[in-house]
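User: I have a structure to look at for class. Could we go through it together?
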Amino acid sequence: MTHTPGRRASHDADKRARTGSASAAFAADSKPRGDLRRGGQPLARIGLSPWEILSTAWPFLAALALAWLISGSPRSPHRLWPHGVVVVACTVLIGMLLRLLLTDGGVQTSFVVVATLSLGVLLMGRRAISKLLAGRAERMSTS
């Protein structure tokens, strides 16, 4: 198949848009991990230092990066299925494994449940909102 100059420019613009969209989506997915809570209080408010907050968050940030690669999310950062589900499952499983093996943090059942629910709501919610906004923008552009 031959590419015309216009078609090539359009392809390049689409690729840049996907890359920018994926970068913004990964940044949005990464943000909530810095807001993990203990006992319903923001970590900073209960007297934890930035280092202590980072030590709680890093296993999940590393797991999130791996989950994005495993799921193919860089190509489709807003898909709920299967990408979002795989990202949530891998982030929880790998994050808990890293926390158990490489930190002094525990993986008590209550922590696993809260982390799973929080990550599920935040990661899937971000994707659902992105889908709704994209659909709305598309409907408005065709009107």
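User: Which residues make a nonpolar surface patch here?
Analyst: Please note first that this is a predicted model. Leu97, Leu100, Leu101 and Leu102 make a nonpolar surface patch of about 430 Å².

User: Where is Leu97 found, and is it buried or partly exposed?
Analyst: Leu97 is part of helix α3, which covers residues 80–102. Leu97 has a relative accessible area of 47%, so it counts as partly exposed.

User: What does the secondary structure of the chain come to?
Analyst: The chain has four helices and two strands. Starting at the N terminus, the elements follow the order α-β-β-α-α-α.

User: New topic: how many salt bridges are there in the whole structure?
Analyst: A search of the whole structure gives two salt bridges. In one of them, Arg126 pairs with Asp29, and the closest N and O atoms are 2.9 Å apart. Arg126 belongs to helix α4 (residues 109–142) and Asp29 to helix α1 (residues 5–30), so this pair ties together parts that are 97 residues apart in sequence.

User: Which residue forms a salt bridge with Asp29 at 3.0 Å?
Analyst: That residue is Arg127. This pair also links distant parts of the chain, with Asp29 in helix α1 and Arg127 in helix α4, 98 residues apart. Together, Asp29, Arg126 and Arg127 form a network of salt bridges.

User: Why do Asp29 and Arg127 count as buried?
Analyst: Buried means under 20% relative accessible area. Asp29 counts as buried because its relative accessible area is 1%, and Arg127 because its relative accessibility is 0%. Arg126 is buried as well.

Key:
Residues numbered from 1 in each chain as written. Predicted model: local features only at pLDDT ≥ 70, side-chain atom pairs only at ≥ 80, totals over all residues. Heavy atoms only, no water. Patch = residues over 30% accessible without salt bridge, like charges linked within 9 Å, V, L, I, M, F, W, Y side chains within 5 Å. Areas by Shrake-Rupley, 256 points an atom, 1.4 Å probe, with all protein chains shown as cover. Salt bridge = Lys/Arg side-chain N within 4 Å of Asp/Glu carboxyl O. Buried < 20%, exposed > 50% of the residue type's maximum accessible area, 1.4 Å probe, protein only.
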